[in-house]
Amino acid sequence: MPSESTRTLKIVIVGGGVCGLACAIALNKQGLEVDIYEAAAKFGEIGAGIGIGGNTIAILKALGVYEDVLARGDGVNPERAQVGWVRFRYGADDHALVWDHSIGIGEKTFGVHRASFLDALVGHFDQTRAHFNKRCTAVIPLKSNPSRYEVTFADGTSVEADIVIGADGIKSTVRGAVTGKDPLENFSFSNTVAYRALVPTSAVKSAGTKIDYTEAGFLFLGKNKHVTTYPIRSGSLINIVAFVTDRTLPMGQATLPPGAPQVVPATTEELVAEYMDFGEDVRKLLSCVPNASRWNMFVVHPFLDSFVKGRVVLVGDSAHAMPVHLGAGAGQGLEDAYLLARLIGHPQTTADNLEDVLKIYDEVRRTRTQHIWHGSMRAGDIYEGAAEYGFSHDEMAKELRYWWDEVIGNHKLDGDTETAVGRLQERGIFAVE
Ligand SMILES: Cc1cc2nc3c(=O)[nH]c(=O)nc-3n(C[C@H](O)[C@H](O)[C@H](O)COP(=O)(O)OP(=O)(O)OC[C@H]3O[C@@H](n4cnc5c(N)ncnc54)[C@H](O)[C@@H]3O)c2cc1C
């Protein structure tokens with residue numbers, strides 16, 4: 001149980017996406033009460049899939065929501081998904097198989113519809129503690145007590161809080177309260193655009209494709225472009241993300257300004273034309289996309305020097321939005337949420353040592369997430385022939401195994417907590433039990 005002094009603290013989470021909700025559920029599990037302030041009129045996600053890796057599944061199980069993700073789900077078949085989850089093929093010609101990557105370490109891996117995932121989380125949070133149409137505009141220390149904060153909203157209202165958790169995504173407002181700068185200073189175009197779509201499997205089959213896109217996830221490799229697919233909703237839908245990267249400029253120097261729209265509609269013709277150098281099967285798949293959307297892919301870059309200032313803490317994309325190429329962003333946000341809740345709820349955390357405890361959260365999570373951020377960027381290079389070894393299968397497989405299996409998948413559920421508590425004990429902040 002948390003100490004009496006942390007149990008009485010008022011905790012506010014800004015942003016009710018997957019990371020904000022997971023954080024709220026994790027804090028509730030620790031016996032702590034929390035309110036979520038969400039800018040939108042209700043909880044919601046875009047119509048797309050999301051890959052759930054072993055590290056994420058372990059957290060969902062610990063939070064007691066895993067069964068609901070499966071049940072609402074998509075009739076996921078994790079048994080089948082475990083083997084050859086990512087099947088690498090060349091994008092060109094007849095899409096020759098490069099190799100099958102089985103991500104089966106520890107837990108199984110699968111894809112779900114984002115809305116199902118979010119719904120499962122929503123079902124575990126007390127709706128009376130969710131406040132909608134609350135777009136945070138600032139987080140300001142109180143003059144009378146700088147370790148308390150006023151969180152202000154666009155509707156002119158405000159709340160006071162002892163701990164403010166910024167889970168407000170890549171364009172985070174709360175980030176500004178941590179960095180002391182305009183939040184968009186750490187928001188950069190990644191030089192990659194992604195066409196995202198969900199397509200009925202029946203339409204894909206009718207188009208005469210030979211590849212069975214329901215049998216696994218696929219990643220079609222190409223020079224400065226690649227296409228990923230995986231089945232969701234029991235294989236009735238295929239989630240497609242098709243990437244194109246401009247490598248003529250270093251990141252941060254591309255012409256797209258920070259204020260450029262994140263998403264614009266795209267036509268089927270535009271999408272298929274982008275992949276004219278790909279083989280027939282993928283072009284047939286892409287021709288089934290009726291309304292693609294083209295996403296300018298932004299990331300948090302340059303990196304933050306800290307995820308924490310005082311008692312204001314960042315989790316998820318607000319802290320470390322990364323390139324999507326390892327499918328790790330939400331999972332990393334859930335790892336943040338899990339550790340943060342374990343630390344705030346730790347019996348030795350008190351109102352007096354809270355800021356030191358949060359600094360350890362920052363140390364542990366910033367190191368890991370920024371490492372994976374680099375891995376995600378590197379994975380994009382690997383898929384698009386920009387690694388020094390081109391498309392060499394052995395090197396590619398070795399490096400991706402390192403990222404997916406050793407770094408991400410093998411991460412122990414309580415590994416971060418053990419590391420953090422060990423450091424708190426070494427520094428005399430926690431007593432050695
Ligand atoms: C193409 C693509 C594919 C991806 N695939 C995967 C994958 O397979 N696996 C994976 O783990 N990750 C994946 N990711 C990354 C993942 O989607 C993100 O890391 C994750 O959704 C971030 O969650 P979040 O809760 O931090 O932010 P968000 O989901 O952005 O949620 C932020 C919430 O805060 C609210 N908000 C924003 N501003 C304010 C404000 N000022 N006040 C109040 N509320 C506010 C928003 O309305 C929203 O509800 C992918 C990303 C992309 C773009």
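1. The lining of the largest cavity splits into 5 nonpolar, 2 polar and 3 charged residues. The lining residues are Asn 55, Ala 58, Ile 59, Glu 335, Tyr 338, Leu 339, His 411, Lys 412, Leu 413 and Asp 416. Helices α3 (54-62) and α12 (329-344) each give at least two of the lining residues. Elements here are DSSP runs numbered from the N terminus: helices are H or I with at least four residues, strands are E with at least two.

2. Before going on, some ground rules. This is a predicted model, where local features need pLDDT of at least 70 and side-chain atom pairs count only at pLDDT 80 or more, while totals for chains, interfaces and linings use all residues. Residues are numbered from 1 along each chain as its sequence is written, and side-chain values use heavy atoms, with hydrogens and water left out.

3. On volumes: the largest cavity holds about 70 Å³ of space, and the search of the whole structure turns up 2 cavities of 30 Å³ or more. A cavity is a set of points, on a 1 Å grid over the protein atoms alone, where a 1.4 Å probe fits but cannot get out; lining residues have an atom within 4 Å of a point. Grid points are joined across faces, edges and corners, and the volume is the space filled by probe spheres set on the points.

4. The second largest cavity has about 40 Å³ of space. Around it sit Ser 190, Thr 192, Met 297, Phe 298, Val 299, Met 322, Pro 323, Val 324 and His 325. Two or more of these residues come from each of β12 (187-200) and β17 (292-300), with β17 giving the largest share, 3 residues. The tally is 6 nonpolar, 3 polar and no charged. Worth a look in the viewer: domain 1 and domain 2 each put at least three residues into this lining.

5. Now the domains themselves. The chain is divided into domain 1 (4-75 + 109-186 + 301-426) and domain 2 (188-300), with bounds from an automatic or database domain assignment. Their centres, taken over C-alpha atoms, are 26 Å apart. The contact (heavy atoms within 4.5 Å) takes 40 residues from domain 1 and 26 residues from domain 2.

6. Between them the two domains bury about 2,600 Å², 59% of it on carbon and sulfur atoms. That is the accessible area (1.4 Å probe) that two parts lose on being put together, summed over both. On the domain 1 side, His 301, Tyr 383 and Glu 384 lose the most area to domain 2, together 25% of what that side buries.

7. Which residue meets Glu 384 in a salt bridge? Arg 247 does, at 2.7 Å, N to O. The rule (a side-chain nitrogen of Lys or Arg within 4 Å of a carboxyl oxygen of Asp or Glu) finds 2 salt bridges across the domain interface and 27 in the structure. Arg 87 and Asp 100 form another, also listed at 2.7 Å, N to O. Arg 87 is in strand β4 (residues 86-90) and Asp 100 in strand β5 (residues 97-101), so this pair ties together parts 13 residues apart in sequence.

8. Two backbone spots to check. Most residues other than glycine have a negative phi, and most peptide bonds are trans. Asp 93, in the loop between β4 and β5, has a positive phi of about 55° although it is not a glycine. The peptide bond from His 301 to Pro 302 is cis, with omega near -5°, and Pro 302 is in the loop between β17 and β18 (308-309).

Note on methods
On a 1 Å grid over the protein atoms alone, a cavity is a set of points where a 1.4 Å probe fits but cannot get out, and a pocket is an open set with protein on both sides within 12 Å along at least five of seven lines; lining residues have an atom within 4 Å of a point. Ala, Val, Leu, Ile, Met, Phe, Trp, Tyr, Cys and Pro count as nonpolar, Asp, Glu, Lys and Arg as charged, and the others, Gly among them, as polar.
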